Amino acid sequence: MRETYSPIAELNLLKEFNDQCTDFYSPGFELREYNNDSSWSDSDSQQFHDRVIPFAQATSSGSFYALWRCDDRTDLAALPVIFFGDEGDLYVTAHNLQDLFYDLAVEDPDVPAPTRQEYIETRQAYIAWLERNFGPTPPEFERSPMEEYGWRFVDWLLSVGSEEAADVMIENLEFLQIPRR
């Protein structure tokens, strides 16, 4: 019997698809060892490590995605996704895994997509996989992930002693003009 990648069915589906790919399906995105925080953070806080679950590289330069255990819900796929940038960027980037999966299918108009045939075919296969497993349309939310979770994430960062990260989040929230509720 094969070892399961994670306790999250949606991530396991992506891992199965990912293992069949010979190229990226979203530039810079690459699944990593699930919840292996040894190389992801320099935080000394055990509370930080208990609540942040890294699972993927977000860019080719070292940024990563992690789930944030913002509460004790049992459906880990429903947790918000945090983008930890290699140059200090920090965002709540998706409401949940399904939201992230659809975001990965969107081409960034400011970044030219690779023109390799293998990439194009792998990307098309990813979009077909996404629609087959989650439907043709992305989930809809009333508020952006930053609006929904941003200030809660700031408060949590402060509670675990990550003041510098909280300052980055506050700057981003202020730049996006998201008021504290």
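The model is predicted: local features need pLDDT of at least 70, side-chain atom pairs count only at pLDDT 80 or more, and totals for chains, interfaces and linings use all residues. Residues are numbered from 1 along each chain as its sequence is written, and side-chain values use heavy atoms, with hydrogens and water left out. Helices (H or I, at least four residues) and strands (E, at least two) are DSSP runs, numbered from the N terminus.

**The sheet**

- Five strands form an open sheet in the order E1-E2-E3-E4-E5, with antiparallel pairing. Two strands pair if DSSP finds at least two bridges between them.
- The edges are strand E1 (30–31) and strand E5 (90–94); each has a single partner strand, so one side of each lacks a neighbour in the sheet.
- Strand E2 (residues 52–57) runs antiparallel to strand E3 (residues 64–68), and five bridges pair them. Val 52 has Trp 68 in E3 as its bridge partner.
- H3 packs on this sheet and touches E2, E3, strand E4 (81–84) and E5. The direction of H3 makes about 95 degrees with that of E5.
- E3 and E4 are antiparallel and joined by four bridges. Phe 64 lies opposite Phe 84 in E4.
- E4 also pairs with E5 over four bridges, again in the antiparallel sense. Here Phe 83 is opposite Tyr 91 in E5.
- The E4 and E5 hairpin has five residues between the strands. Gly 88 in the turn has a positive phi of about 100 degrees.
- From E4, Val 81 and Phe 83 point one way, and Ile 82 and Phe 84 the other way. All are buried (under 20% relative accessible area, with exposed over 50% and partly exposed in between; 1.4 Å probe, protein chains only).

**Helices H3 and H4**

- The axes of helix H3 (residues 97–104) and helix H4 (residues 117–134) come within 10 Å and cross at roughly 150 degrees. Axes are lines fitted to C-alpha atoms, for helices over the stretch in contact, and angles run from 0 to 180 degrees between N-to-C directions.
- H3 and H4 are therefore roughly antiparallel (over 145 degrees; under 35 is roughly parallel, 65 to 115 roughly perpendicular and the rest oblique).
- Their crossing is left-handed: the near helix is turned anticlockwise from the far one by less than a right angle, whereas clockwise would be right-handed.
- In H3, Gln 98, Phe 101, Tyr 102 and Leu 104 meet Arg 123, Tyr 126, Trp 129, Leu 130 and Phe 134 in H4. Contact means heavy atoms within 4.5 Å.
- The contact of H3 with H4 has seven nonpolar, one polar and one charged residues. Ala, Val, Leu, Ile, Met, Phe, Trp, Tyr, Cys and Pro count as nonpolar, Asp, Glu, Lys and Arg as charged, and the others, Gly among them, as polar.

**Helices H5 and H6**

- The axes of helix H5 (residues 145–159) and H6 come within 8 Å and cross at roughly 155 degrees. That makes H5 roughly antiparallel to H6.
- The H5 and H6 crossing is left-handed.
- The contact of H5 with H6 comprises 11 nonpolar, two polar and one charged residues.

- Most residues other than glycine have a negative phi.
- Asn 35 has a positive phi of about 55 degrees. Asn 35 sits in the loop between E1 and helix H2 (46–51) and is partly exposed, at 35% relative accessible area.
- Gln 177 has a positive phi near 60 degrees. Gln 177 lies in the segment after helix H6 (163–175) and counts as exposed, at 70% relative accessibility.
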